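I opened this structure to look up a few local features one by one. My notes follow in the order I took them.

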Amino acid sequence: MIGKLIDVPRRAVAGLGAALVLACAVLLAAMTDSTMQPLPASAPSGEFSAARARTHLERFATEPRPIGGAAAERARNYLVAQLRAAGLDVEVQRAVGANTSAGLASFGLVRNIVATRHGDDPTGTVVIAAHYDSAAMGPGVSDDAAAVAAMLETVRALGDAPLRNDLVLLMTDGEEDGVLGAEAFVREHPLGRAGGVLLNWEARGVSGPSLMFETSPGSAGLVEAYAAAAPRPRGDSTMAALYRLLPNNTDFTPLTAAGFQGLNFAYIQRSSHYHTAGDSLANLNPGSLQHHGSTMLALTRALGAADLPALRTDHDATYFRLFGVLITYPDALVWPLAGLAAAAVAGLAVVARRRRLLSVPRLVVAAVSGLVPLVVSVLLAQGLWELLVAWRPAYDGMGGLLHRPDAFRAAVVAQTALAVLGWYLLLRRRLGPAALAVGGLAWPAALGVLCAAVAPGASFVFALPALCCAVGGLVALAAGRPLAAAAALTLGAVPGAMLLSGLARVVFDGMGLALGGAAALVTALLGLLLLPAAELCLPGPRARTRAQGLDLPDAGARGRGLGVAPMAALVPALVALLVPVLVAAGLAGDRFDARNPGRTHLAYVMDAGTGAARWVSADPEPPAWTRRYVTARDTTALPPGYARGTTLWTGPAPTLNGAAGPRLTVLRRDGDRVELRVSAGRAARSLTLRIERPITEATAVTAGAAPVTVRVAGARANTWPGEVRFRGLPDAGARITLRVQGADKVRITAIAETDGLAAVPGFVPRPPELVAATREDGELIAITRTYAV
């Protein structure tokens, strides 16, 4: 019982036809995931224009805007003036935001911009949110100034047209330091506690379509409204389902936790510029800005006129694009679809068994062994990344988000194809193509069932392709003509080719090559789905007779062919040769230059007590410019508690005269409770406290803001276990109260942080092919003092 699902008289023609159809399906999926054509400034006044929005970016997004900096104040003044000129009621909320992670309490003095336009007959409030601060390393044009500029252009395009519901534009501060502004908004502002419908806008790159990548629970009604209103809806519920399982967060997280029902949008392509100086106007894709803004304007109009309570549901929705159409259905259909896919695969196995194309033992072995190409594909992809980092250590600092990754991505796909083909051709004669084809379908069907249980929104991306491929196989077996059978197999594979290739692209964009195994896994699943179509161009398998030890055509192959054709056997060899060629092409093409620079980490650290100063870099292999400053892996001269990790490079640095540094005064010590007065000194924007013992609670108090207390669990890794950060610390300082575990006496190192290195004597700016790395303690002058409390 070793046979093919179907055989055709002209295999080469059938195989080429199937390949062309599937290639067109993949191309169509890629084309329908494009951005929008940007509209000029002369576009009709009621439409969103990327060109008009860009004029705002030229005014407030040409320099970094970290929380508490002078650039953030200039941007805030411009935005407030624009919103007031548009007729909105504007206030600036001043508050202390807070967040925690393992061993760390983060605080920041935030200034949120809250602009309100009152509706005629409100059923609720629509909140459009984006953050106007940026990472300290770059101007943050995409992350997140583009969304803020889109808000201004949206308000202009709305004009005086009445809205039924209240509209709130929330421009938060301190998002980059732990969603501090959004946390303060929901904790202290009346509008934050009132709830409503939220549309949050983000970016993790400088290009690509505006994807709806996250939804709040019970968002089926909102998803339907999005599908009906958005001019070119993009994204699918796979991203939303998986994002909920990850530790990432945006302003969307605290806002929806406080009761807002919402949708979260971002574009994520060309993410190598994320959080760097490359997130600039020069690199912004105007089509991405247009897609952001057109979607924002359409949803504002639709939700501004809607009965908002009617949109709230008690269930989620599955949504995805297929053939350019956004398909949605309620989560009540997730389990039926997953079950139907599993039943269809089982039905295909039963029919194939009755036709003596496979046996149950061979089918079981084929299904179980299908795990091999999946695992091997992941291992090969991760191994490739390790080789790339070993060859070019600068890649490690980019987190897998490379400037020109296409050749490397193609190498991952080629490796995956090699793993699937190698497994298939090795077992084809022993188990038979029908058993391998049906057994391969068992994996996406099983993942569809698994996701139905743990991530319902992602179930469709596996269940639907498995269902279509199984139905295609059943139709092919029932068809009387070879051409009809071949067409059925090919068309059954089309949805899988579109959905899984699209998912692989998104995974590559979002996770990069450092987690290339995730994209390889998706690609390997696609390979398993395409096995029946690939079989169209292969001859029938041979079966070895025990009596004579001869290779004979198996009866299930209907006497056609004598084994795997020589050309088919050459395919894995050619693919194996292609991988090093692609890697070499990638290394040759992805070189750092002024448009696509490398990254390097550098900081200046001085102990104000001793006057000793050091340059510090966390680069695995510092580039030539950085080696001007660091010479050895020696952290012994660094202030106590400053070092993070064991791979730091250091070098001698000149003393920065006149740097007063931070000040810490013990106001009270009562058991494990320590009350401190802290200040960072002139020009310093932030203060970090490293504590020798773990902390369990921290409270921050500044003049004119309510006190904030957070509980802290765990410990910081590779440094002193407790840490407190206060970003945007006012000149007057703050009062910090800590609960510290253990010991009567504890050392605390206070670190005052000032952006930029230009004030250090003898500092030579980076060459154009280098930018500051994204590590938060880089590109800083850090003045420290250590206290025994």
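I started at Glu779, which is partly exposed at a relative accessible area of 22%; buried means under 20% relative accessible area, exposed over 50%, and partly exposed in between, with a 1.4 Å probe and protein chains only. I found Glu779 in the loop between β24 (770–772) and β25 (780–788). Its phi is positive, about 60°, although Glu779 is not a glycine. I noted for myself that most residues other than glycine have a negative phi, and that most peptide bonds are trans.

Before going on I wrote down the ground rules. This is a predicted model, in which local features need pLDDT of at least 70 and side-chain atom pairs count only at pLDDT 80 or more, while totals for chains, interfaces and linings use all residues. Residues are numbered from 1 along each chain as its sequence is written, and side-chain values use heavy atoms, with hydrogens and water left out. Helices (H or I, at least four residues) and strands (E, at least two) are DSSP runs, numbered from the N terminus.

**Backbone entries**

I looked up Val179 next and read a phi near 45°, a positive value in a residue other than glycine. Val179 is in the loop between β4 and α5 (180–188), and it counts as buried at 4% relative accessibility. I also found a cis peptide bond between Asp143 and Asp144, with omega about 15°. Asp144 belongs to helix α4 (residues 141–158).

**Strand β3**

How many residues of strand β3 (residues 125–131) are buried? I got seven of the seven, so the strand is largely enclosed by the rest of the structure. Thr125, Val127, Ala129 and His131 point one way from β3, and Val126, Ile128 and Ala130 point the other way. I then checked its pairing, where two strands pair if DSSP finds at least two bridges between them. β3 pairs with strand β4 (residues 166–172) in the parallel sense over seven bridges. Opposite Ala130 I found Met171 of β4.

**A five-stranded sheet**

I traced an open sheet with the strand order β16-β17-β22-β19-β20 and antiparallel pairing. β16 (663–670) and β20 (708–711) are at the edges with a single partner strand each, so one side of each has no neighbour in the sheet. From one strand to the next the twist averages 20°, with axes taken as lines fitted to C-alpha atoms, for helices over the stretch in contact, and angles running from 0 to 180 degrees between N-to-C directions. Inside this sheet I looked at β17 (residues 673–679) and β22 (residues 734–740), which are antiparallel and share six bridges. Val678 has Ala734 in β22 as its bridge partner.

Thr238 is in helix α8 (residues 237–243) and counts as buried at 2% relative accessibility. Not counting residues up to four places away in sequence, I listed its contacts (heavy atoms within 4.5 Å) as Gly457, Ala458, Phe460, Val461 and Leu503.

Pro217 counts as exposed at 63% relative accessibility. I placed Pro217 in the loop between β6 (211–215) and α7 (220–229). Leaving aside neighbours within four places in sequence, Pro217 touches Arg244 and Asp316.

**Rings and charges**

I counted 17 aromatic pairs; rings of Phe, Tyr and Trp (its six-membered ring) pair if their centres lie within 6.5 Å, and planes under 30 degrees apart count as stacked, over 60 as edge-to-face and the rest as tilted. Phe320 and Phe460 are stacked, 4.3 Å centre to centre with 10° between the planes. This pair links distant parts of the chain, 140 residues apart, with Phe320 in strand β8 (residues 317–322) and Phe460 in helix α17 (residues 460–478). Both Phe320 and Phe460 are buried. I also noted a cluster of Tyr604, Trp615, Trp625, Tyr629 and Phe763, linked by ring pairs.

The charged end of Arg204 sits over the ring of Tyr274, 5.3 Å from its centre; the rule asks for NZ of Lys or CZ of Arg within 6 Å of the ring centre and within 35 degrees of the ring normal.

**Cysteines**

How many disulfides are there? I counted zero, a disulfide being a pair of cysteine sulfur atoms within 2.5 Å. The sulfur of Cys468 has its closest cysteine sulfur in Cys469, 7.1 Å away, which is too far for a bond.
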